[in-house]
Amino acid sequence: MPIHAPDLEALLRQSFPDAEIAVSGDDGVHMSAMVIDESFRGKNRVQQQRMVYAALKGKMDGADAELHALALTTKAPD
């Protein structure tokens, strides 16, 4: 079952409640997300993106994955 943009945003918001989050994509399988959060400060891009993938709680892996591809942008606030 595909995941919809509001559901993906809500899932991310659980781990990043104060973040600026923008999710787009209309097919529910190939999405893009931008997450800007203070918790990323001092972390490199790989560390930041691992934090986001951990927040997705397995939605991208396994036979029952709801999300096939996620173009991800992460950063700390300016």
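**Salt bridges and their surroundings**

Reply: The count comes to three salt bridges, where a salt bridge is a side-chain nitrogen of Lys or Arg within 4 Å of a carboxyl oxygen of Asp or Glu. Before we go on, keep in mind that this is a predicted model: local features need pLDDT of at least 70, side-chain atom pairs count only at pLDDT 80 or more, and totals for chains, interfaces and linings use all residues. Residues are numbered from 1 along each chain as its sequence is written, and side-chain values use heavy atoms, with hydrogens and water left out.

Let's start with R13 and E9, whose side chains meet at 3.3 Å, N to O. They sit four residues apart in helix α1, so about one helical turn separates them. (Helices are DSSP runs of H or I with at least four residues, strands are runs of E with at least two, and both are numbered from the N terminus.) R13 is partly exposed at 28% relative accessibility, and E9 is partly exposed with 28% too. For the cut-offs, buried means under 20% relative accessible area, exposed means over 50%, and partly exposed is in between, using a 1.4 Å probe and protein chains only.

Next up is E38 with R41, their closest N and O atoms being 2.5 Å apart. Here E38 is partly exposed at 45%, and R41 is partly exposed at 44%. The other pair is K75 with D78, at 3.9 Å between the closest N and O atoms. K75 counts as partly exposed at 31%, while D78 counts as exposed at 92%.

K75 leads us into the sheet, as it belongs to β3 and has I36 standing opposite. Three strands make up an open sheet in the order β1-β2-β3, with mixed pairing; two strands count as paired if DSSP finds at least two bridges between them. β1 and β3 are at the edges with a single partner strand each, so one side of each has no neighbour in the sheet. From one strand to the next, the twist averages 10 degrees. β2 and β3 pair in the parallel sense over seven bridges, whereas β1 and β2 pair in the antiparallel sense over five bridges. A22 stands opposite M34 in β2, and in the β1 and β2 hairpin, G25 takes a positive phi near 135 degrees.

Back to α1, the helix of R13 and E9. α1 packs on the sheet, touching β1, β2 and β3, and its direction makes about 150 degrees with that of β1. (Contact means heavy atoms within 4.5 Å; axes are lines fitted to C-alpha atoms, for helices over the stretch in contact, and angles run from 0 to 180 degrees between N-to-C directions.)

What about the inside? The largest nonpolar core has 20 residues, and L8, L12, V23, V35 and L70 touch the most other members. A nonpolar core is a set of buried Ala, Val, Leu, Ile, Met, Phe, Trp, Tyr and Cys residues joined through side-chain atoms within 4.5 Å. α1 gives this core its largest share, four residues. Leaving aside neighbours within four places in sequence, L8 is in contact with I3, V23, M31, L56, L67 and L70.
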